[in-house]
Amino acid sequence: MPSMAKTNFLLSFSLFLVLFHGSLGLTADRSRQHQGQCQLDRLNAQKPGNRIKSEAGETESWDPNHDQFQCAGVAVVRRTIEPNGLLLPSYSNAPQLVYIVQGRGMTGTLMPGCPETFQESQESQGQGSRRLQDQHQKVHRFREGDVIALPAGVAHWCYNDGKERVIAVTVLDMANSANQLDDMNPRNFYLAGNPQEEFQQVQGQPRHRGEQRTEREPFRGHGQQQCNNIFCGMDTRFLAEAFNVSEQVARKLQSESDRRGNIVRVKGGLQIVMPPSLRQEEQEQGQRGEHRNGLEETMCTMRIRENIGDPSRADVFTPEAGRISTVNSHNLPILRYIQLSAERGVLYNEAMMMPHWNLNAHSIMYAIRGQAHVQVVDHSGRTVFDGEMREGQVLTVPQNFAVVKRSDQQSFEWVSFKTNDNAMISPLAGRTSALRAMPAEVLANAFRISVEDAKRIKFERQETTLTSHRSTRSGSWAEA
């Protein structure tokens, strides 16, 4: 029997490896099936155009058919989960990267073939009880500033056990090779509930607009019982046989009369098996430097989150200008499989992020707080965006388009989702810029200026990423 169990586990885990590695989308494989749709005359900072209310929260989405999202091959959704709210389990046809803007809670990713390592103790059942002992896969704690990686086709759920709302912004990479469906439409497959379609284009609005918001109530049914989870289309007799339960119980899986939406309220709080939050965080931090052996330890215990909101985590910092933190496949290895990364930035007032371009990725920027003036320039020197970006808006900066951000009287905070697991930028000004790397004679002839002016262009600005207007006026520069 032990040998048979081991064989079954290896077969199941081998299937998981095949499915999981399907999310491995190398840059060469990202040859867009919608190539040529990045001929953009104008970009817009977008607010969500679709809102769906649920019992314990709401889901807001941006129109995935908008030109700038079609160019980047992504879809964007923002979910707000109230305290004791549970986002029902679902999976998607594309890899996802989630940023926690606010709040804390717990989430579970259901990896096929991985063991159920969280188990209920027999003592907790009570003496004489015949209740089945619960066991499940690992549950992860999350908090504000966390980035959570979700491979395509892997089911997950989320619960808010805190005292404030959880706000999470998610980018789905529809152009990733893991999406094998015949279109670029984002699809969420719910395992429970009766949720309404989350991504719906706002009717009657041109594609280059997206500011109008519509509200839709959860699906109520029209004359007959209907449902929208994946069990709905299956015969209850098949479900009863598959789960070895009665047809009455099997019918409950179809959630025909459920009107709560995709975020439901848990009465009395969610009682699940998991270690104390502080202890779990310490364990996860300790695992980063541990040596692994065996496939089970490599894949099933792989970290899915990294915090980039903590100021002490900054990769670039200057007291006068701000800070920038990044997460990529080097510090969160699962990103290598889903081919995404993220950047979290803070500009203090009167500060600038140097003009630059993204070498190998599109950048989908979400404004967390404050506002900033942003300019984006295409290959022909046209300004395709020149305006203010404010809290809650999304702006796509296509690959190789030049971009500059500058805050004024208030600070600006943002998170950028990048369509490459090791996204890189190339500054246009500063100590590590392309112009700094050129000989002064080349610059002098290229711009028809003197060699002395060329040297000033090369050497006057010593910062690399961030600069402060205040420090420039005072005659000193903030090193960053």
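Asp 258 is buried, at a relative accessible area of 12%; buried stands for under 20%, exposed for over 50%, and partly exposed for what lies in between, with a 1.4 Å probe and protein chains only. The model is predicted, with local features needing pLDDT of at least 70 and side-chain atom pairs counted only at pLDDT 80 or more, while totals for chains, interfaces and linings use all residues. Residues are numbered from 1 along each chain as its sequence is written, and side-chain values use heavy atoms, leaving out hydrogens and water.

The side chain of Asp 258 meets that of Arg 260 in a salt bridge, 2.8 Å from N to O. Arg 260 is partly exposed, at 32%. A salt bridge here is a side-chain nitrogen of Lys or Arg within 4 Å of a carboxyl oxygen of Asp or Glu. The structure holds 21 salt bridges.

Another of them joins Arg 305 to Asp 146, with the closest N and O atoms 3.2 Å apart. Because Arg 305 lies in strand β16 (residues 305-307) and Asp 146 in strand β10 (residues 146-150), the pair ties together parts that are 159 residues apart in sequence. Strands are DSSP runs of E, at least two residues, numbered from the N terminus. Arg 305 counts as buried at 11% relative accessibility, and Asp 146 at 0%.

Glu 413 pairs with Arg 344, the closest N and O atoms being 2.9 Å apart. This pair links strand β25 (residues 412-418), which holds Glu 413, with strand β19 (residues 341-347), which holds Arg 344, 69 residues apart. Both Glu 413 and Arg 344 are buried.

Arg 51, Glu 58, Glu 60 and Arg 78 are linked in a network of salt bridges.

Definitions and conventions:
Helix = DSSP H or I, 4+ residues; strand = E, 2+ residues; numbered from the N terminus.
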